[in-house]
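Morning, everyone. Please take a look at the chain on the screen, and then I'll walk you through a few spots.

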Amino acid sequence: MTYRVHIAVDKLVPFFDCYLISRLAWHWRRAGHSVTAGPVQDIDPGIDLALLHIDRTRIVPGSVPGNPAGRPFLNSRVLDISKHLFSSLRVLPGDPWKGSVIVKSNLNAFGIQERADQEPGFFERKRRKLARRHWRLARCLPPRNYPVLPSISAVPGWVWRHPDLLVERFTPERRDGLYCLHGWVFFGKRGYTYRMYSTDPVVKAGSIVKDEFLGDPPPELEAFREANGWDFGKFDYVEVDGRPILLDINKTPTTTGGPDTPRMRDLAMALEDILGGAR
C-alpha cells in the first residue's frame with residue numbers, strides 16, 4: 001500500500017535542506033509513497049495524511065489549512081510553543097528564589113525564524129553585533145546563547161519588560177562534572193531519547209563532548225505530549241532529583257545527520273502505523 005503525504009508549510013525554501021521531516025520524507029519516497037510540500041488553503045481530499053510544519057513559534061489559527069475531508073492532519077493543534085506556556089521554572093521580580101537564573105527567548109530557536117522575516121536596519125545590525133560582547137548594554141540576548149546570572153537581582157530591568165524574554169530558575173542536570181541535556185524525538189508512537197554531555201552550562205552543539213542513546217521517555221512528558229496534541233517533534237529536558245523538567249519544545253526539529261540510520265528508519269515506519277491501522 002502506498003500513500004499520499006502532504007507537508008503544509010508557509011514557504012518552500014529551505015524546507016528539504018535541514019529539517020528532520022525531510023529525512024522521513026526520504027524514506028517514504030523510497031518506499032513508493034508520494035510526498036508533497038507547500039502552502040495550501042485546504043487539505044486535498046486525495047491526500048492520505050497531512051502534517052503541519054510551519055517553523056514559527058506562534059501560528060495564527062486562520063493560516064492553518066482547512067481539512068474538509070477529515071484526513072489525518074498531524075500537529076494541527078500545535079499552534080503556540082512559547083516557553084511561558086509550559087515553563088515550570090519561570091520566575092518574576094520579587095520571587096523568593098535565591099539561586100542562579102537563566103535568561104531565555106520566549107520564542108523557539110532564539111527567534112531566528114521570526115527575525116529572518118524582518119530585514120534589520122543599520123542600528124539593529126550594530127546592536128546585534130554589540131550583543132556578542134555586551135548583551136546588557138545592547139539590551140538584547142547574545143546570539144544563540146542564554147545568559148546564566150547568579151540571582152534574580154542580577155537580571156537587568158529591561159529584561160522583565162521585554163515581551164519575548166523570560167527568566168527561569170537555573171536547575172542544571174550534572175553528571176561526572178559535566179552538564180547534561182536530554183532530547184526526545186518522536187513521530188506517532190515511535191521515537192528515541194538521548195542525553196548530551198557538555199562543558200557549558202547552556203548545552204549546545206559546540207560544547208558537547210559525548211552523547212548516548214537512552215530508553216523510553218519519562219511518563220510525565222508522554223502525558224504532556226498526549227494532552228497537547230503533539231504527533232511529531234522534539235522535547236528537550238533535564239532530569240533533576242529524579243524528575244524530568246521540560247525546557248524546550250520544537251514542532252519543526254532540524255538535524256545534521258544523514259537519513260539512512262536505524263533510528264530514522266524506525267521513525268519513518270510511524271507512517272504505516274498511523275495509516276495502515278486506519279485501513
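Buried means under 20% relative accessible area, exposed means over 50%, and partly exposed is in between, with a 1.4 Å probe and protein chains only.

Some ground rules. This is a predicted model, where local features need pLDDT of at least 70, side-chain atom pairs count only at pLDDT 80 or more, and totals for chains, interfaces and linings use all residues. Residues are numbered from 1 along each chain as its sequence is written, and side-chain values use heavy atoms, with hydrogens and water left out.

Back to Ser-151. Look for it in the loop between β6 (148–149) and α6 (157–161). Helices (H or I, at least four residues) and strands (E, at least two) are DSSP runs, numbered from the N terminus. The side chain of Ser-151 joins that of Ser-153 in a polar contact of 2.9 Å. A polar contact is a pair of N or O atoms within 3.5 Å; within protein, one must be able to donate a hydrogen and the other to accept it, and residues adjacent in sequence count only if both atoms are side-chain atoms.

Val-155 sits in the loop between β6 and α6. Val-155 is buried, at 7% relative accessible area. Now find Leu-178. Val-155 and Leu-178 are 23 residues apart in sequence, and their C-alpha atoms are 25 Å apart in space.

Next, charges. Side chains of opposite charge can pair when their charged atoms come close. A salt bridge here is a side-chain nitrogen of Lys or Arg within 4 Å of a carboxyl oxygen of Asp or Glu. How many salt bridges does that rule give? The count comes to 13.

Take Arg-4 and Asp-44. Their side chains form a salt bridge at 4.0 Å, N to O. Arg-4 lies in strand β1 (residues 4–8) and Asp-44 in the loop between β2 (34–38) and β3 (49–52), so this pair ties together parts 40 residues apart in sequence. Arg-4 is partly exposed at 38%. Asp-44 is partly exposed too, at 39%.

Now Arg-56 and Asp-10. Their salt bridge is 3.6 Å, N to O. Arg-56 is in the loop between β3 and β4 (73–74), Asp-10 in the loop between β1 and α1 (15–18), and the two are 46 residues apart. Which of the two is buried? Arg-56 is, at 13% relative accessible area. Asp-10 is partly exposed, at 36%.

One more pair: Lys-204 and Asp-200, with a salt bridge of 3.5 Å, N to O. Lys-204 is partly exposed at 30%, and Asp-200 is partly exposed at 24%. There is also a network: Glu-173, Arg-175, Arg-195 and Glu-212 are joined by salt bridges that share partners.

Last stop, backbone angles. Arg-139 is not a glycine, but its phi is positive, about 60°. Arg-139 is in the loop between α5 and β6, and it is partly exposed at 48%. Asp-176 also has a positive phi, near 55°, and is a residue other than glycine. Where is Asp-176? In the loop between β8 (173–175) and β9 (178–187). Asp-176 counts as exposed, at 72% relative accessibility.
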